Amino acid sequence: MKNIKKIVSVIIVAIMLMSAFSVFAFAEEATTEAAASGDSAGFAKGMGLLAAAIVTSLAGIGGGIAIASGAPAAIAANAENPKTFGKSIIFVALGESIILFGFVVSILILQKV
């Protein structure tokens, strides 16, 4: 049970960190291009991209922790009593919604940049 919890959390955190690092790379490229052209808005754009990356990674870590603790408990509850399937899925979906909210916030930040 603990191995499943660790594997799920590692996979989710790895996916979110890969997306955050891709935003970091894009932020570095945008800041370098702005500095080369002498544009002072490049710093603001870079900070906006950095904020989007931080939001995405922290939402992924939080959601991974929530799913990693909720999913094994839901599986155990469902194994004992199959009638609890609907209730247990709700708790797992709440953990996933944290990740989705992080994506929505980062998309909103990227639209303003």
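S106 is found in helix α3. Helices here are DSSP runs of H or I, at least four residues long, numbered from the N terminus; strands are runs of E, at least two long. The model is predicted: local features need pLDDT of at least 70, side-chain atom pairs count only at pLDDT 80 or more, and totals for chains, interfaces and linings use all residues. Residues are numbered from 1 along each chain as its sequence is written, and side-chain values use heavy atoms, with hydrogens and water left out.

S106 counts as buried because its relative accessible area is 4%. Buried means under 20% relative accessible area, exposed means over 50%, and partly exposed lies in between (1.4 Å probe, protein chains only). Leaving aside neighbours within four places in sequence, S106 touches A52, V55 and T56. Contact means heavy atoms within 4.5 Å.

## Overall fold

The protein chain has three helices and zero strands. From the N terminus, the order is α-α-α. Of its 113 residues, 29% are buried.

Take the contacts with a separation of 6 or more: 79% of them join residues 24 or more positions apart. The accessible surface of the chain comes to about 7300 Å². Carbon and sulfur atoms hold 74% of that surface. Areas come from the Shrake-Rupley method with a 1.4 Å probe; for residues, only the protein chains shown count as cover.

## The nonpolar core

The largest nonpolar core has seven residues: I12, M16, I67, A71, A74, V92 and I99. The most come from α2, which gives three.

A nonpolar core is a set of buried Ala, Val, Leu, Ile, Met, Phe, Trp, Tyr and Cys residues joined through side-chain atoms within 4.5 Å. In soluble globular proteins, nonpolar side chains tend to be buried together.

## A nonpolar surface patch

I7, I11, I15 and M18 make a nonpolar surface patch of about 410 Å². Of these, I7 sits in helix α1. Patch residues have over 30% relative accessible area and no salt bridge; nonpolar side chains (Val, Leu, Ile, Met, Phe, Trp, Tyr) are joined within 5 Å, like charges within 9 Å. A salt bridge is a side-chain nitrogen of Lys or Arg within 4 Å of a carboxyl oxygen of Asp or Glu.

## A glycine in α2

G62 lies in helix α2. G62 counts as partly exposed because its relative accessibility is 29%. The C-alpha atoms of G62 and E96 are separated by 9.5 Å. Along the chain, these two residues are 34 apart.
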